Amino acid sequence: MTMHTRSLGTTGPQVSALGLGCMGMSALYGEADRSESIATVHAALEAGVTLLDTGDFYAMGHNEMLIGEALRTAPAARREQALLSVKFGALRDPDGGWSGYDGRPAAVKNFAAYSLQRLGVDHIDVYRISRVDPEVPIEETVGAIAELVEKGYVRHIGLSEVGADTIRRAAATAPISDLQIEYSLLSRGIEERILPTTRELGIAVTAYGVLSRGLISGHFSADRTLSPTDFRAHSPRFQGENLRHNLALVEALRKVADGKGVSVAQIAIAWVLSRGEDIVPLVGARTRERLAEALGALEVTLDEADLAAIEEAVPPGAAAGERYPAAQMAHLDSER
């Protein structure tokens with residue numbers, strides 16, 4: 001396996017062609033094994049993965065502490081190669097509930113102070129608010145991160161789930177390295193306005209949800225029982241007729257994957273990789289087995305015939321159901 005590198009925009013660092021999204025190791029996808037999670041982070045670093053993505057609100061700091069432990073126990077050379085992408089701003093309560101978003105400058109600096117401690121580092125490589133605070137202009141939030149950059153606590157400024165107009169306003173305030181946003185065969189909404197805007201401005205995309213939360217991994221079945229704490233138990237794409245429709249798309253994609261001698265997950269990740277050198281897929285592997293499968297996508301080459309077959313199997317807009325429940329969709333600036 002060859003781990004190629006890509007740049008996080010014209011102002012950002014060089015990172016591995018795949019990044020590791022660590023949220024599922026702590027929250028929202030059912031129980032995870034801590035030891036296996038740490039072993040998976042170690043295996044990712046050993047394989048040449050450099051970009052680790054987290055959020056301070058993933059299980060109320062648990063995920064940052066887990067990554068901090070993984071980095072402390074990794075070989076020094078591997079620890080030093082890690083680049084940390086951190087999201088902030090989502091407010092939680094002791095019951096695990098969600099209470100909105102806070103993008104005020106004072107809150108930005110407060111969140112950063114706690115993240116630095118939990119991660120055990122002296123700087124964060126890419127820092128971004130997870131969702132736009134509707135009460136705070138994006139210029140104020142980005143300006144506060146820019147102050148952290150000036151003081152050395154943050155290296156690069158990112159954005160998350162914002163639309164084209166907000167991207168332009170943010171970029172006019174301070175240099176933006178990349179936009180983190182959902183992008184997969186089932187979620188192609190960024191192609192119309194957002195992706196052209198990031199490319200015009202030299203901003204990279206870190207794509208999460210490349211396997212649509214496991215839906216197009218090839219491992220999800222209609223009879224799978226999800227715990228109430230699993231995000232997918234409430235996701236429209238995993239419900240009733242929507243799920244049956246979406247799994248039919250997966251079976252069509254499986255035929256293409258079988259023809260290439262690869263797994264469904266690998267061809268889905270390879271498709272995102274094929275979208276451009278400015279796109280870095282985040283894989284949400286929680287085990288070394290799933291990580292190894294995802295890394296195999298780096299060896300998959302898709303020619304024009306393969307891409308046409310994939311488009312035929314999963315045409316744009318083919319997914320049934322929104323990517324988030326209605327209440328969460330309302331918070332997505334990227335959907336406006």
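User: What does "buried" mean here, and which residues of helix α10 are buried?

Analyst: A residue is called buried when its relative accessible area is under 20%. In this predicted model, helix α10 spans residues 288–295. The elements that cover its buried residues include β3, α1, α9 and β12. The buried residues themselves are Leu291, Glu293, Ala294 and Leu295.

User: Why is strand β12 largely enclosed by the rest of the structure?

Analyst: Both faces of β12 are covered, with Ile279, Pro281 and Val283 buried on one side and Val280 and Leu282 buried on the other. Strand β12 is therefore largely enclosed, since the number of its residues that are buried is five of the five.

User: Which residue of β12 is the bridge partner of Thr206?

Analyst: Strand β12 runs parallel to β3, to which two bridges join it, and Gly19 stands opposite Leu282. Strand β11, residues 204–208, also pairs with β12 in the parallel sense, over three bridges. The partner of Thr206 in β12 is Val280.

User: Is the ring pair of Phe220 and Phe238 stacked, tilted or edge-to-face?

Analyst: Planes over 60 degrees apart count as edge-to-face. The rings of Phe220 and Phe238 lie 5.0 Å centre to centre, with 75° between the planes. Both residues are in the loop between β11 and α8, 18 residues apart, and both are buried. The pair of Phe220 and Phe238 is edge-to-face.

User: Over which ring does the charged end of Arg92 sit?

Analyst: Ring pairs link Phe57, Tyr58 and Trp98 into a cluster. The charged end of Arg92 lies 3.8 Å from the centre of the ring in question, which is that of Trp98.

Methods:
Residues numbered from 1 in each chain as written. Predicted model: local features only at pLDDT ≥ 70, side-chain atom pairs only at ≥ 80, totals over all residues. Heavy atoms only, no water. Buried < 20%, exposed > 50% of the residue type's maximum accessible area, 1.4 Å probe, protein only. Helix = DSSP H or I, 4+ residues; strand = E, 2+ residues; numbered from the N terminus. Pairing = 2+ DSSP bridges. Contact = heavy atoms within 4.5 Å. Phe/Tyr/Trp six-rings, centres within 6.5 Å; stacked < 30°, edge-to-face > 60°. Lys NZ or Arg CZ within 6 Å of the ring centre and 35° of its normal.
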